[in-house]
Structures are given as C-alpha cells and as structure tokens.
Amino acid sequence: MELGLVGLGKMGGNMRERIRRAGHTVIGYDRNPDLADVDSLKGLVDGLKGPRVVWVMVPAGAATQSTVDELAELLSPGDLVVDGGNSRWTEDEKHAEELAAKGIGFVDCGVSGGVWGLENGYALMYGGDKENVAKVQPIFDALKPEGDFGSVHAGKVGAGHFAKMVHNGIEYAMMQAYAEGWELLEKVDSVTDVREVFRSWQEGTVIRSWLLDLAVNALDDDEHLDKLRGYAEDSGEGRWTVEAAIDNAVPLPAITASLFARFSSRQDDSPQMKMIAALRNQFGGHAVENKK
C-alpha cells in the first residue's frame with residue numbers, strides 16, 4: 001500500500017526504511033529537506049492516491065496539533081490520519097473529533113523500539129475503530145517484530161497512546177531499579193567487578209531483560225559511567241502515568257518514586273541518573289550530557 005509519513009527523525013526515518021523493505025510505498029516529508037521525499041505536506045498529500053493514509057511522527061503537543069490542522073485542510077473524506085508520536089491520549093480524542101467533522105478517520109498508535117526498531121521491529125499499540133485500523137493494518141504488520149506478538153489493537157481512540165504511556169511508566173520503574181542496584185554494588189568495597197555481576201544476571205535470573213542487556217552495553221562502553229553527568233530528562237509520559245493513576249485512584253508507588261528520582265537529577269550529580277541516562281541513550285539514542 002501507499003503511505004505518507006510526516007517526520008523522518010530517529011524513529012520516523014528508520015520506520016520509513018522498514019516499511020519500504022516490506023514492499024510498500026512511502027512518501028516522506030520532514031522540515032529537513034535532506035531527509036524529505038517532497039518539499040511540503042501538500043506535496044505529500046498530492047503524491048498519494050486516495051483513499052490516503054498519512055502517518056504523523058512528530059513531537060507531541062504543538063507540532064502534532066499544527067500538522068493535524070494542516071492535514072485536515074489537505075485531505076479528503078475517507079482519508080485517514082495515524083498519530084504515531086507520543087501524544088497524550090486526551091489529545092487523540094480531540095484530534096479524532098476534529099478530523100471526523102471533515103469525514104477523515106483517525107487512529108492513534110503508541111510505538112516502542114527506539115533506534116533498534118529498524119532491525120528488530122517496533123512494538124505497536126493502536127486505538128480506533130476497526131474499520132480505520134484495517135486500512136493501516138499492512139503498515140502495522142510491516143513495522144511489528146516477527147512472530148505472533150508485538151502489536152495490539154488496544155481499544156478505542158486514545159487506547160494506543162494510553163497503553164504506551166503505561167508502558168513508559170513501567171520502563172521508568174524498571175530502569176530505576178537497575179540504577180539503584182548498580183549504585184549500591186558500586187558503593188561497597190566487597191564487590192570488585194560490578195560490570196561482571198550485571199553481566200552474570202543476563203542468563204538464568206528472574207531479572208534478565210533487554211534493559212539489563214543494554215545496561216551491560218553501557219558499562220562495556222564506560223565501566224563506571226565516569227564520563228556521564230548524573231542527569232536524566234523525563235519525557236512527560238511518566239508524569240501523565242502518575243496523573244492518570246491519581247485520576248483513577250490506582251496506587252503506583254514504584255512508578256511515582258522513579259519519576260521523582262528523575263527530579264533529583266536536577267539538583268545534584270546523581271550516580272543513579274548516570275545509569276538512567278546511559279540506558280536511555282542505549283535503547284533510544286537519547287542525548288546524554290558529558291562531564292565538562
């Protein structure tokens with residue numbers, strides 16, 4: 001099938017390549033002309049045959065809103081917009097309503113996979129009407145990992161991004177647990193090779209995971225993470241997860257504590273945040289701050 005893809009950064013560019021490898025046609029637009037196939041959103045829309053499917057992969061908030069607004073004026077009834085960024089689920093409901101007024105469908109899709117997705121595939125969580133999901137199913141199938149798992153129609157509009165938000169909240173807590181354990185091991189005199197302790201956990205233990213593998217990768221690059229400053233951003237989804245928990249009276253002590261631990265990195269050079277920063281760089285290519 002044909003797909004228009006808006007936003008060709010670290011995720012979007014690799015997604016374009018993976019979709020093309022599966023035999024589909026992708027017309028990509030990005031504000032950076034060196035990355036784009038066309039020079040405008042209008043050029044992207046004009047290059048697609050109807051009914052069109054346009055996947056938006058730009059930062060959440062104002063950038064997504066302006067892109068959806070412009071597409072609403074360019075697309076035709078029967079076309080479909082997919083928001084694959086990290087939008088808040090409440091924005092999905094708003095966008096779906098705005099587009100529906102013009103006869104345009106909407107699907108939200110939470111995407112996980114970071115810089116590894118091109119080769120490994122992307123975990124996909126999508127929300128929307130069955131009819132609209134069916135229109136983009138070949139693209140979901142191209143992007144997902146091989147095998148029976150890795151994608152889910154999570155529910156109605158907003159469900160995909162809500163599921164991805166919770167996924168990221170869990171990710172916060174898991175990274176925090178590894179970081180705390182690493183700092184404690186580094187602190188005591190009796191443990192003389194913390195990196196190899198982490199490596200030993202990669203097989204046969206109940207805490208083995210891809211995040212643990214990435215932690216070992218980071219320690220192989222910088223055994224004591226001496227090159228990193230103990231500072232880690234929060235993407236916003238951790239905050240949204242905690243806010244949703246409050247709204248629904250669901251206790252999330254581990255996820256909430258992991259969010260607050262990120263805030264501690266704003267104050268001092270936190271050893272735990274070195275590990276968080278290293279892990280975020282390993283799985284998502286997120287920037288790290290080096291010591292001056």
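A: What follows goes through the aromatic pairs and then turns to the chain as a whole.

This is a predicted model, in which local features need pLDDT of at least 70 and side-chain atom pairs count only at pLDDT 80 or more, while totals for chains, interfaces and linings use all residues. Residues are numbered from 1 along each chain as its sequence is written, and side-chain values use heavy atoms, with hydrogens and water left out.

A pair of aromatic rings is described by the distance of the centres and the angle of the planes. Rings of Phe, Tyr and Trp (for Trp, its six-membered ring) pair if their centres lie within 6.5 Å, and planes under 30 degrees apart count as stacked, over 60 as edge-to-face and the rest as tilted. By this rule there are six aromatic pairs. One of them joins W116 and W210, an edge-to-face pair with 6.1 Å from centre to centre and 85° between the planes. This pair links distant parts of the chain, 94 residues apart, since W116 lies in the loop between β5 (105-112) and α5 (117-120), whereas W210 belongs to helix α9 (residues 210-221). Helices (H or I, at least four residues) and strands (E, at least two) are here DSSP runs, numbered from the N terminus.

As to accessibility, buried means under 20% relative accessible area, exposed over 50%, and partly exposed in between (1.4 Å probe, protein chains only). W116 has 34% relative accessibility and therefore counts as partly exposed, and W210, at 41%, counts as partly exposed. F198 and W201 form a tilted pair, with 4.9 Å between the centres and 35° between the planes. Here F198 is buried because its relative accessibility is 0%, while W201 is partly exposed at 24%.

W55, Y126 and F140 come together in one aromatic cluster.

Among contacts (heavy atoms within 4.5 Å) between residues at least 6 apart in sequence, 69% join residues at least 24 apart. The C-alpha atoms fill a box of roughly 70 × 40 × 40 Å along the principal axes.
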